[in-house]
Each structure stands twice: as C-alpha cells, then as structure tokens.
Amino acid sequence: MNCQDLHLYANLDSVAEEVLYLLSKTINANTIFLASNDQIDNFIIKSFNREEILVEEGARMPFQDTLCRLVLENGSSPLVVPNLSKDSLTQNHVITQQSGNGSFLGTPIYTEAGKLFGTLCAFDSKPYEFTTFEVKLFKTFASLLSHTIIMEEALIRDSLTGLYNRTFIKRYFHSKTTELSNNMSVLYIDLDHFKRINDTFGHDMGDFVLKKVAAVFQKFLPQNSIAARLGGDEFVILLPEYSLECDEAKGVAEGILEMLSSDPLCVEGEEFFVSASIGVSCYPKDGEDMDSLLKSADATMYTAKKKGRNNVQFYQQGMNDLESRYYKLENALRQALKKEQFEIYYQPQFDLRNNRFQGMEALIRWNHPEWGDISPNEFIPIAEESGLIEKIGDWVFENVCKQGVQWEKQGIPPFFLSINLSPRQFENKELADRIDQILEETGYNPHFLKVEITEGMLINDIDHTVTLIKALKSTGIHIAIDDFGTGYSSLSYLSKLPIDCIKLDRSFTVNLDNKVNRKIAKAVISLAKSLDILAVAEGIETKEHLAFLKKHGCKWGQGYYLGKPKSIAEIDISQYFPQ
C-alpha cells in the first residue's frame with residue numbers, strides 16, 4: 001500500500017490527530033508531525049502547526065533530504081537536537097539551511113516484528129531545550145501509535161497469509177474509484193482441488209500451501225495492485241487502471257497460472273503442484289460497486305472450473321447467472337432440506353487442565369449426491385442470503401437435541417453440546433421461543449446446551465442483543481462468543497451481558513508463531529479470567545499449541561490435535577467415558 005493510501009486505515013487519522021494535539025499541550029515546539037517512509041519518500045500523514053506552517057500535512061519529499069532519515073539512522077533512541085545549527089549531525093543539513101537555529105525532536109515508530117513505519121517529530125524554527133519528561137512522553141505516544149498501526153493492520157489483513165482481507169479491498173475500491181475515472185480489473189482466484197490437500201495432509205499443511213501461494217501473488221503482481229484472501233482458498237486481486245479490452249489484465253492472470261503450475265510448492269518435504277481457476281470482471285462495465293464486481297468475477301471463476309480448471313475466463317454481459325454455482329447451490333439447498341442431505345459432525349472439547357472430555361461442538365456438513373462434499377464456508381452464506389438458514393438452523397437444533405437425548409438413553413453421562421447461530425437466526429426476535437419449543441419437544445436438558453454467536457452479532461442492535469441473550473439464558477442454556485478477537489465488540493457490552501464463555505478464534509491459535517497472535521491469545525485468556533467466564537481455544541493442531549495454551553491458563557480447547565469432527569457413525573462415545 002502506498003503512503004498516500006494510509007487514509008484507508010480506519011482509526012489512524014483520528015488517533016494521530018489526538019496524539020499531536022496532546023503533545024502540543026506539553027511541548028512548546030511550533031510543529032509536531034507524524035510521517036511514514038519507505039526509505040525513498042517521506043510522507044506527512046498528520047501535522048500540527050501552532051503559529052507558522054513549518055510542515056505541511058500531505059506533503060511528500062525525498063527521504064534522503066529529511067531530518068526523519070537522521071532519526072532512523074540514530075537507532076531506536078529519540079534524536080534530540082536543541083539547536084540544529086550547532087549540532088554536528090545537523091549543521092550542514094538542508095533543513096538547517098532553511099530554518100537556521102531551529103530545534104528538533106524525533107523518535108522512530110516500529111510495528112510488528114521491528115518493521116519500520118515512520119517517525120513522530122517535533123520541530124521549531126527557534127532553539128528549544130527539550131526536557132527529559134518531554135522526550136519520554138514522545139516515546140510513550142510513539143508506542144501508542146505503533147500499537148494503533150498494528151491493530152489497524154490486524155483488521156485489514158488476513159492473519160494467515162498477510163494479504164489484505166475483504167474489508168480492505170472494499171475501502172480500497174471505493175477510494176480508487178472516487179480518485180480515478182479509469183478502469184479497474186478484478187481477478188477472482190480459486191485453487192483447484194485444494195480440499196484434497198486438507199483432507200490428505202491436514203489443515204496445517206493446507207495453511208502452509210496457502211501461505212506459499214500468497215507469496216507467489218506478492219512476488220508477481222504489478223505495482224499498485226492489491227491482493228487479498230477472502231477465506232479458504234479464495235483470493236482476489238485488484239488491478240487499478242486495467243481493463244478487459246487491454247491485454248494487461250489477461251497477461252497478469254495467465255502469468256499467475258503459469259507461476260503456480262510451472263514449479264511445485266515445496267512444504268515440509270512435500271511437493272504440491274497447484275493450479276487455479278480465475279474469473280475476471282471489470283469496473284465499471286461489469287459492476288459499479290465491489291460486491292457486484294466480486295459476484296460477476298465469482299460466477300466467471302466457476303465457468304473456468306467447468307471448462308477444465310487451470311484457465312482464465314472473462315465476464316460477459318448477459319451471462320446466464322443461473323449457470324453460476326451460486327444459484328445452483330441455492331436451488332440445491334432447498335432440495336437438501338427435503339431430502340435430508342445434511343449431516344451433523346461432532347468435534348470434542350476437553351478441559352486442558354486435566355485432559356477430561358467436556359462436550360462437543362455440532363458442525364453441519366453437506367454431501368451432495370452429484371457434487372460431493374460442499375464446504376460450510378460456501379453454502380452457509382448462500383443460506384443466509386436466501387433465507388434458508390433459519391430452516392436449516394431449526395433442523396440442526398432438533399437433530400442435536402435428539403442426539404443428546406439418545407446418548408442419555410444409552411446411559412452416557414450428560415455433556416455440553418454447542419450449536420452455532422448465524423447472524424440471520426440471531427436477528428429473529430422469536431429465536432428464544434423457538435429454541436425453548438425444540439427443547440420441550442425433544443426433552444433435552446437446556447443446562448447442557450450451548451449456543452455460539454460471533455462478536456459481530458453483538459453490536460448490530462445492542463438492545464435486541466441484550467433482550468435476546470437474557471431470553472436465551474432464561475431457558476437455562478449457556479452462551480458463548482465465537483471467533484473472539486476477530487470482530488469489533490465493545491468490552492463494555494461484554495461485561496454487561498450474561499456470557500458464559502468466549503472462544504479464541506482458530507486464526508490466532510494456528511498462528512501462535514506470530515508475536516501479535518501470541519499477545520492476543522494471552523489477552524483473551526486473561527480477559528476471560530477477569531470476567532470469571534470460560535475461555536475455549538479453537539484450532540489446537542499441534543502439541544506446541546496445546547502447551548502454550550496450558551501454560552497461559554486456557555481452560556478448555558478443541559482442534560485436530562485433540563479430536564477431529566466425526567459423524568455419528570464414526571464416533572465411539574464410550575471412549576470419552578472410560579470405566
């Protein structure tokens with residue numbers, strides 16, 4: 001992302017503005033500013049000028065000619081210069097020649113893994129003796145800005161691959177289409193037969209392959225293009241100023257296919273030959289907003305799949321949308337309910353402190369008679385948009401509760417069964433009554449039923465959230481917040497709601513080699529302890545994951561290392577209750 005695109009960070013502008021204002025109340029220097037640099041250019045993100053404009057916001061200048069360069073060459077400590085003309089480091093600098101007996105204070109800003117972002121600086125056209133307190137204050141606010149930038153990056157980047165996410169590409173698209181009147185091409189990329197890698201070698205290996213693929217994209221893409229991961233093995237590339245009428249977009253797409261398929265990806269001694277199917281749409285011809293362009297490119301990508309995979313297809317006006325996989329799946333979902341093609345898989349959860357079995361999470365699976373296994377990541381969003389999710393949700397609740405009763409009849413001691421709620425289900429004001437009705441009809445004990453909702457659902461309508469959660473709690477069931485750490489929930493809401501459990505999102509657990517993810521994991525566990533609620537970690541796939549979570553006091557966990565999701569036919573329930 002270019003320096004000029006830093007405005008796409010949601011909160012950096014406001015935090016920086018507040019930081020500069022607060023510093024101006026303590027430090028009498030005329031100008032305080034925040035700059036980013038890439039060792040070539042210096043870009044002024046924010047500036048506060050008290051009397052005269054010494055540094056102009058939005059200005060761009062050669063990095064070599066700036067005092068910021070001297071700050072970074074000085075190392076991690078602040079650079080303090082009370083009088084530019086009397087300091088050997090600055091007396092011959094171009095800025096000194098312009099300002100004379102000026103003064104300067106600058107400290108570097110680093111983000112994750114010591115990556116340089118830029119500098120926080122104070123500047124005056126007159127000499128100024130910066131106090132020890134002022135220098136320490138500067139370092140403190142630089143640290144605050146560093147943490148802000150890290151959090152901004154976490155919100156707009158995919159935690160596994162480091163590519164941008166769907167949130168960012170929407171911001172980027174809106175920014176570019178308001179700045180420019182030119183075209184933009186959208187490449188929708190889906191890896192061919194990726195599920196086989198996950199099924200054969202496990203999700204850890206699949207994640208390594210995704211990282212390798214992302215590295216290929218970043219290495220190959222032209223300047224100013226944006227690569228993002230939407231989820232699973234689906235990626236999007238935005239090419240500003242590229243159109244379908246030009247050969248440029250086609251050349252990029254075909255170049256990606258060539259790079260992916262020409263050489264194997266080597267991961268932990270295994271070689272994978274990866275191919276992809278790519279659908280391309282173009283702004284404004286094929287859509288005037290990001291959602292429309294993604295839908296067009298997605299439908300076109302499935303055309304590439306049908307034409308043998310490992311090829312590029314371009315969206316054509318008038319393409320029969322009913323031929324797209326999206327619409328086929330929507331129609332097939334209706335039949336799946338009638339023909340009972342769905343199945344519930346159960347993944348065990350354990351108390352990490354004593355390795356005792358505690359419960360299971362219910363996970364819906366769909367095996368289509370013609371298309372085979374279809375990922376929930378693919379059909380659940382379609383069920384949401386089509387309105388079928390509520391009927392599917394009812395089916396899941398009924399079958400899970402019936403199964404729980406069946407196990408009890410077999411003499412199995414009761415244990416927790418967890419069910420995920422979708423956003424559309426959660427919006428239903430009659431949800432609590434419907435669940436209560438199912439509990440009454442099946443005879444399942446509500447004390448052992450747990451419903452999981454995501455962070456994002458909490459804040460859409462807080463009044464509805466409070467009412468519904470209290471209604472659900474009144475039936476006796478437990479409430480868990482799923483995918484915790486990936487959304488935007490307010491801790492003030494969390495402290496007011498009768499929540500029983502928070503689940504650390506899998507994306508943090510499987511990437512604990514990342515320093516920021518380790519910090520987030522420890523923070524979530526600590527938060528659960530402080531609120532006296534249960535912390536459950538998802539995605540435990542190695543003994544190292546397990547050891548880390550145990551060490552830091554996570555109480556429960558689940559993941560492939562502890563137990564894979566299994567169908568009723570595959571589960572030996574007695575193994576969890578040894579005599």
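The legends below describe several close-up views of a predicted model.

Residues are numbered from 1 along each chain as its sequence is written, and side-chain values use heavy atoms, with hydrogens and water left out. Because this is a predicted model, local features need pLDDT of at least 70 and side-chain atom pairs count only at pLDDT 80 or more, whereas totals for chains, interfaces and linings use all residues.

**View 1. An open sheet of 6 antiparallel strands.**
The strands follow one another in the order E3-E2-E1-E6-E5-E4, where helices (H or I, at least four residues) and strands (E, at least two) are DSSP runs numbered from the N terminus, and two strands pair if DSSP finds at least two bridges between them. Strand E3 (60–62) and strand E4 (79–81) are the edge strands, each pairing on one side only. From one strand to the next the twist averages 25°. Within this sheet, strand E1 (residues 31–37) and strand E2 (residues 41–49) run antiparallel and are joined by 7 bridges, and serine 36 has phenylalanine 43 of E2 as its bridge partner.

**View 2. Helices H1 and H4 against the sheet.**
Helix H1 (residues 12–26) packs on the sheet and touches E1, E2 and strand E6 (116–124), contact meaning heavy atoms within 4.5 Å. The direction of H1 makes about 55° with that of E2; axes are lines fitted to C-alpha atoms, for helices over the stretch in contact, and angles run from 0 to 180 degrees between N-to-C directions. Helix H4 (residues 132–156) lies across E1, E4, strand E5 (103–110) and E6, and runs at about 35° to E5.

**View 3. Threonine 111 in the loop between E5 and E6.**
Threonine 111 counts as buried because its relative accessibility is 16%, where buried means under 20% relative accessible area, exposed over 50%, and partly exposed in between (1.4 Å probe, protein chains only). Apart from neighbours within four places in sequence, threonine 111 is in contact with Phe117, Ser146, Ile149 and Ile150.

**View 4. Strand E14 and its antiparallel partners, E15, E22 and E23.**
In strand E14 (residues 342–351), 8 of the 10 residues are buried, so the strand is largely enclosed by the rest of the structure. Strand E15 (residues 356–368) is joined to E14 by 10 bridges, with proline 348 standing opposite methionine 360 in E15. The hairpin of E14 and E15 has 4 residues between the strands, and asparagine 355 takes a positive phi near 65° there. Strand E23 (residues 566–567) is joined to E14 by 2 bridges, with serine 567 in E23 as the bridge partner of tyrosine 345. Strand E22 (residues 556–557) is likewise joined to E14 by 2 bridges, and here phenylalanine 350 has glycine 557 as its partner.

**View 5. Backbone geometry at proline 284, asparagine 310 and glutamate 340.**
Most residues other than glycine have a negative phi, and most peptide bonds are trans. The peptide bond from tyrosine 283 to proline 284 is cis, with omega near 0°, and proline 284 belongs to the loop between strand E12 (276–283) and helix H9 (290–306). Asparagine 310, which is not a glycine, has a positive phi of about 55°; this residue sits in the loop between H9 and strand E13 (312–314) and, at 36% relative accessibility, counts as partly exposed. Glutamate 340, also not a glycine, has a positive phi of about 50°. The loop between helix H10 (325–339) and E14 holds glutamate 340, which counts as exposed at 60% relative accessibility.
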